[in-house]
Amino acid sequence: MVEKSAVLMVGWHPNAVDYSKWPGLTPDKLWAGFEADRVRLEALGYDAELGLIESADTADSTLRKLLAAKPRQCVLVGAGVRTIPDYLHLFEKLVNTVHACAPHAKICFNSGPFDSVDAIQRWVGPTTHTP
């Protein structure tokens, strides 16, 4: 039996992004990047899910619900949360939530909305075989 590796990609919902911090990025481009990576991950044998956060106030509870829904082999925290100095506290909080709620999951980071597949593949293979 083949079990897909469940991965969660955590990032800002395109409607919640401050695009002044990301010149040239638009909601359509962000959605396209998210969806392209999700589809590519699925084609590679992952069970890939987007975990989109809408505000700093609700991000932790959103992540906790997603992590409680099923075991994850890998959780990616996106560059939109990780690289903006204003979100440092939120980034720390989310990493600690992953550590507490999914202690066996690998944690990885992308450099933008178009290289999540590479980040995930650094830490978890596309499938695992179970007896």
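Which residues does Gln 121 touch, not counting residues up to four places away in sequence? In this predicted model, local features need pLDDT of at least 70 and side-chain atom pairs count only at pLDDT 80 or more, whereas totals for chains, interfaces and linings use all residues. Residues are numbered from 1 along each chain as its sequence is written, and side-chain values use heavy atoms, with hydrogens and water left out.

Gln 121 touches Leu 44 and Tyr 46 once residues up to four places away in sequence are set aside; contact here means heavy atoms within 4.5 Å. The residue Gln 121 belongs to helix 5, which spans residues 116-121. Helices (H or I, at least four residues) and strands (E, at least two) are DSSP runs, numbered from the N terminus. The relative accessibility of Gln 121 is 35%, so Gln 121 counts as partly exposed. Buried means under 20% relative accessible area, exposed means over 50%, and partly exposed lies in between, with a 1.4 Å probe and protein chains only. Between Gln 121 and Leu 44 there are 77 residues of sequence separation and a C-alpha to C-alpha distance of 9.9 Å.

The chain contains 5 helices and 5 strands. Read from the N terminus, their order is β-α-β-α-β-α-α-β-α-β. The radius of gyration is 14 Å, close to the 14 Å given by the globule rule for 131 residues, so the chain is as compact as a globular protein of that length. For this comparison the radius is taken over C-alpha atoms, and the rule is 2.2 Å times the number of residues to the power 0.38. Along the principal axes, the C-alpha atoms fill a box of roughly 50 × 30 × 20 Å. Of the 131 residues, 44% are buried. Among contacts between residues at least 6 apart in sequence, 77% join residues at least 24 apart.

Thr 97 is placed in helix 4, residues 88-101. With a relative accessibility of 2%, Thr 97 counts as buried. The side chains of Thr 97 and Asp 60 are joined by a polar contact of 2.3 Å. A polar contact is a pair of N or O atoms within 3.5 Å; within protein, one must be able to donate a hydrogen and the other to accept it, and residues adjacent in sequence count only if both atoms are side-chain atoms. Apart from neighbours within four places in sequence, Thr 97 is in contact with Asp 60, Leu 63, Arg 64, Leu 67 and Ala 102.

Leu 66 lies in helix 2, residues 56-69. Its relative accessible area is 16%, and Leu 66 is therefore buried. Leu 66 touches Leu 8, Glu 49, Gly 51 and Arg 72, not counting residues up to four places away in sequence. The C-alpha atoms of Leu 66 and His 13 are separated by 15 Å, and the two residues are 53 residues apart along the chain.

Lys 29 is found in helix 1, residues 27-43. A relative accessible area of 45% makes Lys 29 partly exposed. Neighbours within four places in sequence aside, Lys 29 is in contact with Gly 24 and Phe 114. Lys 29 and Pro 14 are 15 residues apart in sequence, with 9.1 Å between their C-alpha atoms.
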